[in-house]
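These are my notebook entries on the structure shown here.

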Amino acid sequence: MKKQDLMLIGGLLAAALLIFLGVTLFKGHGEALLYAKIQVDGQEVARLPLSEDREYPVRLEDGEYNIVIVSDGKVFVSSASCPDGVCVRTGKADSVGDSIICLPHRLVITVEEEGS
Amino acid sequence: MIGFLRKCLSFFLPFVLMIPFFGCETGRRLYSETFFDSFDTVTTLRGYADSYEQFEEYVELARTTLLDYHRLYDIYEDYDNINNLKTVNDHPGQAVTVDSRILDLLEFSVEMYNLTDGMTNIAMGSVLELWHEYRTDGLEHPESAAMPPMELLTAAAKHTDIACLQIDRAAGTVCLCDPDAGLDVGAVAKGYAAGKTAEILREAGFDSGILNVGGNTVAIGSPPDGSVWRIGIQNPGIESEDAYLLRLGITDRCLVTSGSYERYYLVDGIRYHHIIHPDTLMPEDTFLSVSVLSADSGLADALSTALFNMDADAGRSLVDSLDGVEACWILPDGRILYSSGFDGYIQD
């Protein structure tokens with residue numbers, strides 16, 4: 001094998017490695033961007049990145065409410081005025097496709113990935 | 001030798017360089033939409049489509065299909081120009097002409113009755129109606145919430161014979177021969193309709209997604225990267241703050257959970273849920289929830305109710321006798337029991 005061949009092979013392998021690392025890092029970074037999509041009666045009202053801790057009260061017209069909290073990369077309902085409290089007892093969600101539902105208020109919180 | 005190696009390398013290296021890009025550009029995106037108009041619950045469709053417009057067409061198809069099934073299987077409301085199950089319940093002794101989708105469901109339900117030895121019985125309407133009435137009142141007026149008296153329940157239970165349901169496929173009619181009996185398809189209809197709707201979506205070209213009708217989950221195909229759909233089993237109320245207790249990876253398979261944590265009411269601080277045992281006529285607390293995996297959504301729904309009402313051993317031998325069916329039982333003390341092949345679906 002000639003010296004040029006080795007350089008070519010080495011160069012190509014290095015390039016492959018760089019591209020692979022680049023794509024993996026990019027993908028990995030993309031996957032980390034999760035947010036909670038909040039819908040009331042099928043209409044989206046907010047998108048809360050799970051990376052930012054915050055409180056988001058959902059207030060409905062008739063004085064009803066659900067208090068949505070994002071904390072430590074998880075989303076949950078801390079309190080609500082609905083009769084059954086299922087949304088509060090559901091607990092914390094943190095993976096793509098997870099949902100928290102308050103049927104009486106037609107509130108749906110789903111964990112989604114950025115880009116969808 | 002070296003020349004050969006060189007040729008190989010120069011041939012393959014471009015492909016090696018391309019590897020990182022495979023699976024990146026599919027041109028399809030993940031969409032998700034939620035609606036509320038059928039089966040008194042929330043329906044979510046998520047999945048891949050070429051465009052938002054195309055996905056919206058799938059959503060509309062799912063919505064109208066489910067709404068049709070909802071109207072046909074409804075036992076509480078009348079609708080213009082259709083005979084539904086309420087029509088059948090309201091006209092005992094008469095052969096009522098019904099849509100073939102009603103005949104399909106009723107025949108399937110009788111099969112499920114036989115398979116589960118009566119542990120899912122759609123002819124339990126008289127008993128379930130009492131519970132429904134007391135639960136509705138109890139939720140509206142929590143201070144005066146009461147249990148249905150056992151005398152009323154046992155009297156109603158005399159009218160729950162599945163043989164009083166007469167299905168005439170050729171004539172396209174259904175007749176309930178006992179005037180005090182009633183049909184209630186709550187244990188099978190949602191799962192059955194979800195399965196049929198998923199089939200219709202698939203025929204329309206929706207080949208990668210998840211249809212969830214109030215906890216009846218149907219996974220259609222697999223995600224475009226060839227992986228599995230990750231779906232969770234809800235924490236039914238054991239000590240843990242996480243919403244989901246288990247994560248499963250599935251493709252072309254349905255998951256249905258029956259749990260005591262969803263529809264219930266309180267009487268003197270005690271919780272009475274909506275799954276009524278055909279023999280005790282009471283909600284049982286042997287399990288917090290039972291989840292069933294199967295390729296057949298209606299079967300998974302019927303079985304989850306039946307298993308909830310059976311003891312774990314009997315349930316496990318029923319599940320193991322069925323091809324492609326797996327189940328998991330969550331007990332009040334937090335223990336989880338699995339059928340023999342269930343762990344093959346658990347992720348993490």
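**Entry 1: a threonine in chain A.** I began with T110(A), which touches Y35(A), A36(A), K37(A), Q39(A), D98(A) and S99(A), leaving aside residues up to four places away in sequence. Contact here means heavy atoms within 4.5 Å. I located T110(A) in strand β7 (residues 107–113) of chain A. T110(A) is buried, its relative accessible area being 3%. I use buried for under 20% relative accessible area, exposed for over 50% and partly exposed in between, with a 1.4 Å probe and protein chains only. Helices (H or I, at least four residues) and strands (E, at least two) are DSSP runs, numbered from the N terminus.

**Conventions.** The model is predicted: local features need pLDDT of at least 70 and side-chain atom pairs count only at pLDDT 80 or more, whereas totals for chains, interfaces and linings use all residues. Residues are numbered from 1 along each chain as its sequence is written, chains are lettered from A and ligands numbered from 1 in the order in which they are written, and side-chain values use heavy atoms, with hydrogens and water left out.

**Entry 2: helix α4 of chain B.** I noted that α4(B) covers residues 100–115, 16 residues in number, and reaches 22 Å from its first C-alpha to its last, close to the expected 22 Å. The expected span is 1.5 Å times one less than the number of residues. At the start of α4(B), a side-chain oxygen of D99(B) comes to within 2.8 Å of the backbone nitrogen of R101(B). After the helix comes D117(B), with a positive phi near 55°.

Which residues of α4(B) are buried? I found I102(B), L103(B), L105(B), L106(B), F108(B), S109(B) and M112(B). These buried residues pack against α2 (52–73), α3 (85–90), β4 (165–168), β5 (173–176), α7 (189–203) and α8 (297–308) of chain B.

**Entry 3: aromatic rings.** I counted 10 aromatic pairs over all chains. Rings of Phe, Tyr and Trp (its six-membered ring) pair if their centres lie within 6.5 Å; planes under 30 degrees apart count as stacked, over 60 as edge-to-face and the rest as tilted. One of the pairs is Y31(B) with Y52(B), tilted, at 6.0 Å centre to centre and 50° between the planes. This pair links distant parts of the chain, with Y31(B) in strand β1 (residues 29–35) and Y52(B) in helix α2 of chain B, 21 residues apart. Y31(B) is buried at 14% relative accessible area, while Y52(B) is partly exposed at 45%. The rings of Y69(B) and Y73(B) have centres 5.6 Å apart and planes at 50°, so this pair is tilted. Y69(B) and Y73(B) lie in helix α2 of chain B, 4 residues apart, about one turn of the helix, and both are buried. I also recorded one aromatic cluster formed by Y31(B), Y52(B) and F55(B).

**Entry 4: charges over rings.** R63(B) lies over the face of F35(B), 4.8 Å from the ring centre. R101(B) lies over the face of Y69(B), 5.7 Å from the ring centre. The rule requires NZ of Lys or CZ of Arg within 6 Å of the ring centre and within 35 degrees of the ring normal.

**Entry 5: cysteines.** How many disulfides are there over all chains? The count is 0, a disulfide being a pair of cysteine sulfur atoms within 2.5 Å. For C87(A), the nearest cysteine sulfur, that of C82(A), is 3.7 Å away. C87(A) is buried, at 1% relative accessible area. For C328(B), the nearest cysteine sulfur, that of C254(B), is 16 Å away. C328(B) counts as buried at 0% relative accessibility.

Note on methods. A polar contact is a pair of N or O atoms within 3.5 Å; within protein, one must be able to donate a hydrogen and the other to accept it, and residues adjacent in sequence count only if both atoms are side-chain atoms.
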